[in-house]
Amino acid sequence: MDELKKAGSENNLETAVLTFWPHPRFVFNPNEDLKLLNTLEEKTLLMENYGVGNLFLKEFDEEFRNLTGEEFVRQILIDRLNVKYLIIGYDHSFGKNKSGNFELLKKLSKELDFEVEQMEAINIHENNISSTKIRKALLEGDIIKANEMLGYHYSLSGTVVHGKKIGRTIGYPTANIETENIKLLPKKGAYIVEVFVENKSYKGMLSIGTNPTVNGEKLTVEVYILDFNGDIYGENITVKFRDSLHDEIKFEGLEKLVERLDEDKRLTEEFNF
Ligand SMILES: Cc1cc2nc3c(=O)[nH]c(=O)nc-3n(C[C@H](O)[C@H](O)[C@H](O)COP(=O)(O)O)c2cc1C
Ligand SMILES: Nc1ncnc2c1ncn2[C@@H]1O[C@H](COP(=O)(O)OP(=O)(O)O)[C@@H](O)[C@H]1O
């Protein structure tokens, strides 16, 4: 994004990001249960926060997926978007049968009068970053690694819905968050999070799991918000993941669960946000 903004201001051009919806993998592998790092709303917000001028959303439909790489460049990039300077990812290919790549763009750039730049891979600890690797880290509960690769804190948003009302009876009311179905949830377990309620930020401890201690069945996402007391059913809240606390455990009764929650709370209070 920094590279994009730099190219924009140096060449006196508007900046834009082109993305596809639904995610092409949903179209190619409709039976795969693919989960995404960002919902469309989150993606839009991220681009806004990065200061990108325009976000173009192309519907990834049957007609579009049959365009060759060259047709895509001519019909979409040039005729529709009037691209003058293009930045593409280091291993990016596009168009039917992946016929489009950096080489093709370089070839077409002279005839169609645009410049093209290929990003180098960004490395962390000598490994290239990819969304596959970020997904893997989250599914393994490795929040620190996922955040490091993302360059921001992984987040979840959703409406607060009703649960079993057990939380309040053990001194830990937990707001149950209903997330979008396509959003990737980190591994089951407990995490330290930052919680945003009506634009105010709080420390929180969050659990993802089926709550085996109380013989729960449904997978829920629940957050206890420190130094907070209020009815927030129906409200939209956001959590940002900061660190992990522990895997999901089936405790021998609520007393043991509460002992662990007391410990989780102490760790959350001590965490340097
Ligand atoms: C930080 C945190 C960690 C938790 N860890 C576990 C756990 O390891 N095992 C478990 O059965 N429940 C765990 N719980 C979930 C509680 O069982 C849950 O909050 C309780 O069942 C209340 O549910 P309710 O909101 O439906 O009333 C955890 C809750 C929090 C806030
Ligand atoms: N510190 C807090 N953290 C989370 N929720 C709280 C807090 N204080 C009050 N609440 C309210 O209590 C509800 C959670 O209580 P709980 O007994 O766990 O009920 P439920 O099972 O319906 O989630 C939340 O949805 C919220 O409206």
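Let's start with the cover over helix H1. The buried residues of H1 are covered by, among others, strand E1 (16-21) and strand E3 (85-88). Keep in mind that this is a predicted model.

Which residues of H1 are buried? H1 spans residues 2-10, and Leu-4, Ala-7 and Gly-8 are the buried ones. They sit on the same side of H1, because the arc they cover around the axis is only 100 degrees. Asp-2, Ser-9 and Glu-10 are exposed, on the face turned away from the buried side. After H1 comes Asn-12. Its phi is positive, near 55 degrees.

On to ligand 1. There are 24 residues around it. Ile-166, Gly-167, Thr-174, Thr-213 and Ile-249 come nearest. By class, the shell holds 10 nonpolar, eight polar and six charged residues.

Next, the polar contacts. Thr-213 uses its side chain: an N or O atom there is 2.7 Å from an oxygen atom of ligand 1. Lys-164 works through the backbone, with a polar atom 2.9 Å from a ligand oxygen. Asn-176 brings a polar side-chain atom to 3.3 Å from an oxygen of ligand 1.

How much of ligand 1 does the protein bury? Taken alone, the ligand exposes 630 Å², and 97% of that is buried by the protein.

And which elements give two or more residues to this shell? Strand E10 (200-209), strand E12 (236-247) and helix H9 (254-270).

Note on methods:
Residues numbered from 1 in each chain as written. Chains lettered and ligands numbered in written order. Predicted model: local features only at pLDDT ≥ 70, side-chain atom pairs only at ≥ 80, totals over all residues. Heavy atoms only, no water. Near = heavy atom within 4 Å. Polar contact = N/O pair within 3.5 Å; in protein donor to acceptor, adjacent residues only side chain to side chain. Areas by Shrake-Rupley, 256 points an atom, 1.4 Å probe, with all protein chains shown as cover. Helix = DSSP H or I, 4+ residues; strand = E, 2+ residues; numbered from the N terminus. Nonpolar A, V, L, I, M, F, W, Y, C, P; charged D, E, K, R; others polar. Buried < 20%, exposed > 50% of the residue type's maximum accessible area, 1.4 Å probe, protein only. Arc of directions from axis to C-beta. Contact = heavy atoms within 4.5 Å.
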